[in-house]
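Please keep the 3D view open as you read.

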There are 2 protein chains.
Amino acid sequence: MDRRQKKTRKAIFSAFSQLLAEKPYSRITVQEIIDTADIGRTTFYAHFETKDDLLKALCEELFDHILNSASNHSEQGLYSLQTAPESIFCHLLQHLKTNRPLIELLSGENNALFLRCFKSGLAELIRQRFESQLQLTYPKIPTDFLIHHLSGSFVEMVLWWIHGGLKQSAEELNHYFQIICKPLL
Amino acid sequence: MDRRQKKTRKAIFSAFSQLLAEKPYSRITVQEIIDTADIGRTTFYAHFETKDDLLKALCEELFDHILNSASNHSEQGLYSLQTAPESIFCHLLQHLKTNRPLIELLSGENNALFLRCFKSGLAELIRQRFESQLQLTYPKIPTDFLIHHLSGSFVEMVLWWIHGGLKQSAEELNHYFQIICKPLL
DNA sequence: ACAATAAAAGAACAGAATGTTCATTATCCT
DNA sequence: AGGATAATGAACATTCTGTTCTTTTATTGT
């Protein structure tokens with residue numbers, strides 16, 4: 001990728017993140033992004049078709065990073081998946097807690113797209129790790145549903161955590177999650 | 001309230017719902033709502049300040065109805081709260097299944113505001129019914145968190161249900177929910 | 001039934017955002 | 001160094017927004 005492209009792309013992402021921290025997504029205009037990033041109008045449209053397109057790209061970058069990190073972690077110790085603080089979930093929570101930009105975006109007014117990304121990425125992770133286990137424990141319930149429930153519950157818990165001001169430690173929150181999911185995992 | 005006002009308000013809601021079924025909220029313009037509702041531009045702005053304002057009003061109307069219905073139902077039989085199909089949750093699911101417009105809105109691209117309404121309304125309902133019970137079962141976990149978890153899980157389940165094409169019966173889904181929440185309720 | 005009241009309609013407006021085109025300039029890569 | 005590629009800036013037609021003002025229509029109380 002051309003150095004200029006990388007530079008522009010970075011400037012756009014940076015401007016967009018900055019604006020997202022200030023106001024809800026719906027109130028941000030392409031014009032503002034252009035002005036903040038200090039690039040030409042044409043340049044923006046050369047990189048992204050629409051504002052939604054940009055948001056999607058940002059989503060993917062952020063969650064790819066954090067979820068891949070969790071995924072790699074879990075492969076290192078297969079036997080510690082379910083015990084705090086080594087569980088994959090606890091690791092995820094710790095990562096999240098130190099990722100300010102991500103927290104900001106998740107707590108923002110217009111976090112719908114982020115949540116979708118987060119949930120679907122997490123669901124994939126859970127499917128890879130726990131599918132067979134879930135199938136055995138509850139043969140009569142669609143595994144699909146259980147995975148959806150777990151990823152949904154986790155993300156909802158994170159939202160509750162963030163809205164409360166991240167008062168609990170990652171370990172404590174992980175403990176809550178263990179209790180909630182006790183019959184499943 | 002003036003008969004004309006009621007008529008206009010209804011026309012706006014109707015047009016808006018219709019458009020929401022066709023395209024995501026973000027792609028709907030006030031202009032389109034005006035055209036579809038066949039009202040004057042000024043009239044729209046006399047009723048609602050912005051598009052967001054309208055969405056909020058629609059939300060409240062829809063969920064007030066379904067949640068109040070569930071709330072009343074549960075008061076009739078205090079002993080049947082946890083057993084299918086008389087549980088309050090099952091009743092909610094049955095109501096939902098027959099409410100096409102609501103289903104459409106919940107399954108739409110831009111359902112964030114609806115979900116917020118649904119979740120907060122449901123959380124309130126759960127708090128009223130189960131708060132003390134939850135507190136006794138898990139004294140060490142914030143009740144607030146458990147309520148959030150339950151309402152979140154329920155709504156997520158409904159979303160999964162809808163996206164799958166409402167293939168399961170309300171009773172079946174309620175059964176899933178019981179299993180998921182077994183340790184809590 | 002008839003004013004007084006209140007709402008809807010319609011036209012017209014300024015301001016702003018969108019998405020595109022095109023010629024020009026700057027930067028990169030080999 | 002030179003061809004390729006990206007960024008720029010200006011201009012443009014369209015569309016949407018939110019507001020103002022005047023005219024028309026419907027409702028309510030007496």
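Phe48(A) is buried, at a relative accessible area of 3% (buried means under 20% relative accessible area, exposed over 50% and partly exposed in between, with a 1.4 Å probe and protein chains only). Before going further, please note that this is a predicted model, in which local features need pLDDT of at least 70 and side-chain atom pairs count only at pLDDT 80 or more, while totals for chains, interfaces and linings use all residues. Residues are numbered from 1 along each chain as its sequence is written, chains are lettered from A and ligands numbered from 1 in the order in which they are written, and side-chain values use heavy atoms, with hydrogens and water left out.

Over all chains there are 24 aromatic pairs; rings of Phe, Tyr and Trp (its six-membered ring) pair if their centres lie within 6.5 Å, and planes under 30 degrees apart count as stacked, over 60 as edge-to-face and the rest as tilted. Phe13(A) and Phe48(A) make one such pair, tilted, with 6.0 Å centre to centre and 50° between the planes. Phe13(A) belongs to helix H1 (residues 3–22) of chain A and Phe48(A) to the loop between helix H3 (41–47) and helix H4 (51–76), so the pair ties together parts that are 35 residues apart in sequence. Helices here (H or I, at least four residues) are DSSP runs, as are strands (E, at least two), numbered from the N terminus. Phe13(A) is buried as well, with a relative accessible area of 8%. Ring pairs link Phe13(A) and Phe48(A) with Phe44(A) and Tyr45(A) into a cluster.

## More rings, and charges over them

In chain B, Phe89(B) and Phe154(B) form a tilted pair, 5.4 Å centre to centre with 40° between the planes. Phe89(B) lies in helix H5 (residues 88–97) and Phe154(B) in helix H8 (residues 143–163) of chain B, so this pair ties together parts that are 65 residues apart in sequence. Both Phe89(B) and Phe154(B) are buried.

Lysines also meet rings. Lys51(A) lies over the face of Tyr25(A), 4.3 Å from the ring centre, and the charged end of Lys51(B) sits over the ring of Tyr25(B), at 4.3 Å from its centre. A charge sits over a ring if NZ of Lys or CZ of Arg is within 6 Å of the ring centre and within 35 degrees of the ring normal.

## How the two chains meet

Chain B can be laid on chain A with an RMSD of 0.2 Å by a turn of 180° and a shift of 0.0 Å along the axis (superposed by least squares on the C-alpha atoms of residues with pLDDT of at least 70 in both). The two copies are thus related as by a two-fold rotation axis. The same surface serves both copies, as 100% of the contact residues of chain B recur in chain A; contact means heavy atoms within 4.5 Å.

The contact takes 22 residues from chain B and 22 residues from chain A. About 2400 Å² is buried between the chains, with carbon and sulfur atoms giving 65%; this is the accessible area (1.4 Å probe) that two parts lose on being put together, summed over both. Phe145(B), Trp160(B) and Ile180(B) supply 26% of the area that chain B buries against chain A, more than any other three residues. Ile180(B) is also one of the buried residues of helix H9 (residues 170–180) of chain B. The buried residues of H9(B) pack against helix H8 (143–163) and helix H9 (170–180) of chain A, together with H5 and H8 of chain B.

## Salt bridges across the contact

There are 14 salt bridges over all chains, and the count between chain B and chain A is 4. A salt bridge is a side-chain nitrogen of Lys or Arg within 4 Å of a carboxyl oxygen of Asp or Glu. Arg27(B) and Asp52(A) meet in one of them, at 3.5 Å, N to O. Arg27(B) lies in the loop between helix H1 (3–22) and H2 of chain B and Asp52(A) in helix H4 of chain A, so the pair joins two chains.

Lys119(B) and Glu156(A) form a salt bridge too, at 2.7 Å, N to O. This pair crosses from helix H7 (residues 112–137) of chain B to helix H8 of chain A. Lys119(B) is buried, with a relative accessible area of 17%, and Glu156(A) counts as buried at 4% relative accessibility. Salt bridges that share partners join Lys119(A), Glu156(A), Lys119(B) and Glu156(B) into one network.
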